[in-house]
Amino acid sequence: LCRTIIELYIETLVLSHNSKSQNIYQDFSQIEFKKTQCGIEYPTDFLNKLDNRKNKNENKKNMYLHFGWVDEIENYHKIVKKNPYSVAGLIEYLKFKYPEGNYDIYEKFYIISFF
């Protein structure tokens, strides 16, 4: 529960600064809902986005499904080098773009929430 709250909060922070990503976030969320709740296969448009993702080193479909919307954020992949399609990547982005925020605390709580 704690991990989910932190994930949603970090996603909300990133999305609030990147309105262009909000529509694609909704698209990815709908695909994720259909996939997990209805057992629907990955749709062709999602697979095309996956094939054309900005970071070709990351190959996990489920991580791209959760965080592929970051491809719409200008310079995101120049800032985030490791694990771009993850909460850790979002936190790294926030730390770089908005250093006045105290994102270390969220990072620590997020890591602790796995135990």
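The largest pocket is lined by 14 residues, with Met 63, Phe 67, Tyr 85, Ser 86 and Val 87 nearest its centre. The model is predicted: local features need pLDDT of at least 70, side-chain atom pairs count only at pLDDT 80 or more, and totals for chains, interfaces and linings use all residues. Residues are numbered from 1 along each chain as its sequence is written, and side-chain values use heavy atoms, with hydrogens and water left out.

**Largest pocket**
- The space in this pocket is about 240 Å³. A pocket is an open set of points on a 1 Å grid over the protein atoms alone, where a 1.4 Å probe fits, with protein on both sides within 12 Å along at least five of seven lines; lining residues have an atom within 4 Å of a point. Its volume is the space filled by probe spheres set on the points, which are joined across faces, edges and corners.
- Helices H1 (2-16), H4 (61-67) and H6 (87-97) each give at least two residues to the lining. Helices are DSSP runs (H or I, at least four residues), numbered from the N terminus.
- The lining holds seven nonpolar, three polar and four charged residues. Here Ala, Val, Leu, Ile, Met, Phe, Trp, Tyr, Cys and Pro count as nonpolar, Asp, Glu, Lys and Arg as charged, and the others, Gly among them, as polar.

**Salt bridges**
- The whole structure has three salt bridges (a side-chain nitrogen of Lys or Arg within 4 Å of a carboxyl oxygen of Asp or Glu).
- Arg 3 pairs with Glu 7, with closest N and O atoms 4.0 Å apart. Both lie in helix H1, four residues apart, about one turn of the helix.
- Arg 3 is partly exposed at 34% relative accessible area, and Glu 7 is partly exposed at 21%. Buried means under 20%, exposed over 50%, and partly exposed in between (1.4 Å probe, protein chains only).
- Lys 95, Asp 104 and Glu 107 form a salt-bridge network. Lys 95 bridges to Asp 104 at 2.7 Å.
- Lys 95 also bridges to Glu 107 at 2.7 Å, N to O. This pair links distant parts of the chain, with Glu 107 in helix H7 and Lys 95 in helix H6, 12 residues apart.
- Lys 95 is partly exposed at 31%, as are Asp 104 at 36% and Glu 107 at 26%.

**Nonpolar surface**
- Ile 105, Phe 109 and Ile 112 make a nonpolar surface patch of about 280 Å². Patch residues have over 30% relative accessible area and no salt bridge; nonpolar side chains (Val, Leu, Ile, Met, Phe, Trp, Tyr) are joined within 5 Å. Areas come from the Shrake-Rupley method with a 1.4 Å probe.
- Ile 112 lies in helix H7 (residues 103-112). Ile 112 is exposed, at 53% relative accessibility.

How values were computed:
Patch = residues over 30% accessible without salt bridge, like charges linked within 9 Å, V, L, I, M, F, W, Y side chains within 5 Å.
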